Amino acid sequence: MTANLADLLDGLPHAPSDVAVVCDDERISLAELKERVAELADVLRSAGVVAGQPVGMFVGHGSAAVVAMFAVWKVGAVYVPMNRRSTVAEIQKFIGDTPTALVIGEPTDLAMHELPMGRIAYDFAARRAELLAPADPEVVNYGEDVALVLRTSGTTGRPKAVLLRHVGTIEGFDSSLSALRGKPKAGADPNAPKPLRFNLIPVSLALWAGIWNTLFSLRAGFGLLLMDKFDAVKFAGLVKEFGIKSTIMPPAMVTMLVDDPNVTDLAPLTMVRSITAPLSPVQAREFHKRFGAFVLNCYGQTELGSEVVGWTAKDVREFGETKLGAAGRPYATVVLKILLGDGTEAGVDEYGEIMVHSPFMMEGYASGGSGSGSAAVAASDRIVDGFLRTGDMGRLDAEGFLWVEGRVSDMINRGGNKIFPDEVEEVLRRHPNVRDAAVAGVPDRRLGEVPHAWIVLAEPRDEAALSEELVTWVRESLVPYKIPVGFTVIDALPRNEIGKVLRKDLIASYAHA
């Protein structure tokens, strides 16, 4: 059994000369990839990095991130991705909250920041790594079983550093693969050579979504087709050139493809797994109508260490569009329940907080500072009797499909009446002149808070007339207390890098209007 993520490179069905990584115009063979990993690992050792120490990486170029990630694991250290597009203040806060023994980055990245720890300037294009300062030996040691320290997105609160283990992460990949692949065909030779295939990953490797799908691809025996920056036309070209039949995309990218008049065909693409945020049925149907490919939701969180709910090929054949919008069903090794406000377990189609028990769950949260092993792991009150309180609201239907309705913290309490913003947004998106919509609670003296909607229009309209029309439109589908009390037209919804709407930014803009 694979015990370290570094071993994933040895499981590829590639010959040494076969291309294993494609990024922009770059092609890297498996042999070259392993050589680059070994070279950087040697520099890490010479810097004094030891097993269990956290090593940061300014993630920019996707191929460089792959090399750095595997080099860190090759020496038994813990990988800590850092987004190179972060501001100086953000990086200072990051390293204050998440100490690292050493940081790897391009020379220009390192020059921008004052970094009081070890540093390696890594010029990926020139294939040169220069040791600038040795690793800090006093930084916390997490132990060899920890693979990554990942920061949560912080969309609903202060970001936390999540510790994920090698074995648990690999088990998560295998659980997902088992569900997606199903049973082998009768008479199939398991040892027969398989054609080399690539997985297209259009999200940054500074994000868990990018890292997870990169490692998942390698575990599945696929080469990596990386996009450092998403472009709809380029994406379509890669799909055609590499014969991509399935891929992953955040909802924002799905919308970009639908809206781009220059993208008319995505053949041979047949299935897209929507990641990072729930995709609305309206967006899924528009994509399917335009390109003929199914867009299916799935469900996971950084703290869960993996995707834990998704669709199987059998589910797609059996339920097709009848369950469009559902996240799928829990994987075999995952236990999921819905908890009501009084602490009891919900019945079929009853809304409550999603609780998940998974063998791939986080080790805990990083507490920072110095020390070793268990001292680096802070207890989490989010884990109750072995189940993670996800903070997401949802329901399980009669067939066991999970429907995610939104965050507990996003729920609007209008004088005691509870409103899921996602439900109202879905109705608004069905209006022919609404391209996108977001709903959030704003203060109200009498009711505490009330729903307000921010609208992105398909075509310009008189706002007063449109507001009256939208009130009537929502009233036809929802009870009166769910109708937004106001509508604000904006050019685009604020989203973070993984496509989640930043409702707190919308609320702040309302407060200052």
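Mentor: Four strands make an open sheet in the order β2-β1-β11-β10, with mixed pairing. Strands here are DSSP E runs of at least two residues, helices are H or I runs of at least four, and both are numbered from the N terminus. Two strands pair if DSSP finds at least two bridges between them. β2 (26–29) and β10 (198–201) are the edges; each has a single partner strand, so one side of each lacks a neighbour in the sheet. From one strand to the next, the twist averages 20°.

The model is predicted: local features need pLDDT of at least 70, side-chain atom pairs count only at pLDDT 80 or more, and totals for chains, interfaces and linings use all residues. Residues are numbered from 1 along each chain as its sequence is written, and side-chain values use heavy atoms, leaving out hydrogens and water.

β1 (residues 19–23) runs parallel to β11 (residues 223–226), paired over 3 bridges. Cys 23 sits opposite Leu 226 in β11.

Now the helices. α2 lies across β1, β2 and β11, at about 140° to β11. α6 (residues 208–219) lies across β10 and β11, at about 175° to β10. Angles run from 0 to 180 degrees between N-to-C directions, with axes fitted to C-alpha atoms, for helices over the stretch in contact. Contact means heavy atoms within 4.5 Å.

Then the core. A nonpolar core joins buried Ala, Val, Leu, Ile, Met, Phe, Trp, Tyr and Cys residues through side-chain atoms within 4.5 Å. Buried means under 20% relative accessible area (1.4 Å probe, protein chains only). The largest has 135 residues, and Ile 104 and Phe 287 touch the most other members. Helix α2 (residues 62–74) gives the most to this core, with 10 residues.

Notes. Buried < 20%, exposed > 50% of the residue type's maximum accessible area, 1.4 Å probe, protein only.
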